[in-house]
Amino acid sequence: MSTADDVRQEMLTLLPRLRRFAYSLSGSLEEGDDLVQSACERALSRLDQFTPGTRLDSWMYRIIQTIWLNQVRARGRRSILVDPNIVEEFALDARIYERTEAKDSLRVIRAAVAKLPEEQRAALALVALDGRSYKEAADALGVPIGTIMSRVARARRKLADAVEGPTLTEIGLGKTTR
Amino acid sequence: MTRPDDKILMDYADGVLSDGERAAVAAYLLGDAEARELVEKYRTSLSLLDEAFAEPMRTAPPRTLVDTVLNAGTVAVATAEPPAQRIGSGAGTTSSRFILPLAASILLLAGAAGWFMLGPSAELPAGGFGIAIGPVNPSSPLGRTLDTAPAGVPTDTTGPGAGPARLEVVITFRDRRARPCREFELLTTAKERQPVAAGIACRSDGRWVIEGAVRLAESPASDRPDYVPSGLTEKDALDGILSALGAQPALSAADEKTLINRRWD
């Protein structure tokens with residue numbers, strides 16, 4: 001099998017993770033899938049730029065991130081996502097909070113992720129969502145390890161602050177079936 | 001002890017501190033309710049984050065995406081690598097006519113990561129055990145099996161709502177990047193020990209990461225509307241994952257034992 005076939009096969013197995021990364025960057029499943037589509041097309045048209053044996057996932061993450069940031073700049077705003085007031089609204093009323101369903105706590109987290117600066121969101125997505133090590137994330141995003149560590153720490157602190165109180169713990173940990 | 005900084009509390013919440021560090025932080029937390037609450041928020045927000053963006057890990061990718069990967073691009077890389085040596089199947093290199101159904105098999109993820117992956121706090125999906133791509137919690141049954149069990153020696157375990165199950169490592173090998181990898185099976189039901197799912201996890205920066213997984217048991221397609229029956233055996237799907245990883249021949253029992261004793265470093 002040629003190297004191109006190897007790459008295509010590995011890219012197939014990477015699709016779920018690439019889709020998740022793009023989903024977390026853009027805040028939208030559909031837009032995320034468009035991002036992955038563009039990234040795969042770009043990567044496959046530039047296979048000569050990929051060194052066989054190096055990490056395909058890092059290369060793909062970087063392409064996805066590049067395409068996303070270009071779109072963001074072109075649009076002039078950070079994401080297409082949801083009402084950022086949602087976080088403040090829940091913080092203000094503990095009784096609403098207690099009746100909140102699991103679905104809403106997920107919206108709160110998505111909103112918190114959408115509010116993150118782009119570079120923190122990408123670092124969070126690779127380390128906390130995809131389980132990459134700091135080094136792998138640093139290689140994928142082309143920044144020093146220390147930078148990744150501080151971005152992830154700041155992002156996770158913001159997400160932690162978006163979570164309020166023990167009641168959310170009870171309703172947020174997947175005990176409600178979807 | 002002074003209040004540990006946020007990073008330490010975060011690491012404590014994630015369970016990645018050394019035994020000594022963990023004990024010290026635990027002792028400190030007994031006297032600091034605010035820090036305890038922050039630790040809890042770190043845990044909760046991480047679980048929610050995982051759940052909030054889990055959809056792509058639970059559904060097969062859109063057909064258009066798969067088609068793009070298979071057909072887009074016209075530039076062929078000049079050098080052809082020698083085919084990776086295959087383990088187990090003896091069927092030879094996967095030819096391209098199998099790639100589309102292979103994709104459907106490889107990408108068939110059995111739902112949310114289950115109890116065997118994440119530990120007691122995760123919910124099992126109705127109707128089956130889940131195995132998902134991604135890092136394995138080292139204190140979960142799968143994590144412990146991958147860390148300590150030799151190939152062919154099963155671990156019997158029970159999950160809440162899951163009934164008795166058995167985890168077994170099938171084979172240990174290195175991939176093209178020389179990372180230690182292990183193919184494992186999850187078998188369930190007390191009587192028949194039917195294999196339910198199988199996967200391959202590789203060692204990546206000090207942890208196990210599931211690189212690919214397939215559902216093995218016959219299950220009704222009706223509970224997964226996005227399921228595309230491949231017409232191929234799951235063994236072919238596993239072979240596909242092995243090929244994608246560039247799997248080298250299986251390690252000897254002695255080499256495997258050395259890796260286990262060295263905690264896979």
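1. Of the 178 residues in chain A, 57% count as buried. Buried is under 20% relative accessible area, exposed is over 50%, and partly exposed lies in between (1.4 Å probe, protein chains only). Bear in mind that this is a predicted model: local features need pLDDT of at least 70, side-chain atom pairs count only at pLDDT 80 or more, and totals for chains, interfaces and linings use all residues.

2. Chain A has ten helices and zero strands. Its elements read α-α-α-α-α-α-α-α-α-α from the N terminus. Helices (H or I, at least four residues) and strands (E, at least two) are DSSP runs, numbered from the N terminus.

3. Contacts in chain A: of those with a separation of 6 or more, 68% join residues 24 or more positions apart. A contact means heavy atoms within 4.5 Å.

4. The accessible surface of chain A is about 7,400 Å². Carbon and sulfur atoms hold 51% of that surface. Such areas come from the Shrake-Rupley method with a 1.4 Å probe; for residues, only the protein chains shown count as cover.

5. Now the confidence. Chain B averages a pLDDT of 71, and 62% of its residues score at least 70. pLDDT is the predictor's confidence in each residue, from 0 to 100. Among the elements of chain B, helix H2 (residues 19-29) has the highest mean, 95. Helix H7 (residues 115-118) of chain B has the lowest, 31.

6. Over residues 74-130 of chain B the pLDDT is below 50. Beyond near neighbours in sequence, this stretch still has 148 contacts in the model. Residues 217-232 of chain B also stay under 50, with 21 contacts beyond four places in sequence.

7. Overall scores: ipTM 0.80 and pTM 0.58. For reference, residues are numbered from 1 along each chain as its sequence is written.

Key:
Chains lettered and ligands numbered in written order. Heavy atoms only, no water.
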